[in-house]
Each structure stands twice: as C-alpha cells, then as structure tokens.
Amino acid sequence: DHVIPKSMGGQTTWENCVLSHKAVNAIKRNRTPEQAGLCLLRKPVRPKPLPISSSIRNPNNIPDWNIFLKFN
C-alpha cells in the first residue's frame, strides 16, 4: 500500500510503500493513514543491501572458504 496515495502525488518508492492487510487497506482507501485514523507500526525505509556472501553457507566447514564468508 502507498502511505501517501498515488492520487495525492505519492511515489512508488521504498519510503512510501508498506505491506498492509487487505482489510486495513480497504479502510484506508485513497487517504493517508492519518486521514483514515490509522498509524504506521514503523516508518518505511529502503532496505540495506546485503553482500551475496551473507546467503552462502559452509556446511562442510571447509577452512579455505572462510576468507570469502567472513568467518575468520
């Protein structure tokens, strides 16, 4: 859901979009959360980039891999 609706000039950006249950989204409709009597649980932010190595595992504990996985 767009925090500031697109019809009010809201952009499709990380900082203006949130996940919302469809029932809550139906209550909010084409208004800001404040106009709808709602409040955000937290302010939307752009996610921090993760290095690809954060998703690589070393299940066989190969020591030579540690330099790449930052497990030194």
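How far is the sulfur of C17 from the closest cysteine sulfur, and in which residue does that sulfur lie? The sulfur of C17 is 18 Å from that of C39, too far for a bond.

This is a predicted model, in which local features need pLDDT of at least 70, side-chain atom pairs count only at pLDDT 80 or more, and totals for chains, interfaces and linings use all residues. Residues are numbered from 1 along each chain as its sequence is written, and side-chain values use heavy atoms, with hydrogens and water left out.

**View 1. The cysteines C17 and C39.** The count of disulfides (pairs of cysteine sulfur atoms within 2.5 Å) is zero. C17 is partly exposed, at a relative accessible area of 26%, whereas C39 is exposed, at 68%. Here buried means under 20% relative accessible area, exposed over 50%, and partly exposed in between (1.4 Å probe, protein chains only).

**View 2. A nonpolar surface patch of I52, I56, I62 and W65.** Together these residues have about 370 Å² of accessible area (Shrake-Rupley method, 1.4 Å probe). W65 lies in the loop between α1 (22-28) and α2 (66-69) and is partly exposed, with 37% relative accessibility.

**View 3. The helices of the chain.** The chain contains two helices and zero strands, defined as DSSP runs (helices H or I, at least four residues; strands E, at least two). Buried residues account for 18% of the 72 residues.

Definitions and conventions. Patches are made of residues with over 30% relative accessible area and no salt bridge: like charges are joined within 9 Å, nonpolar side chains (Val, Leu, Ile, Met, Phe, Trp, Tyr) within 5 Å. A salt bridge is a side-chain nitrogen of Lys or Arg within 4 Å of a carboxyl oxygen of Asp or Glu.
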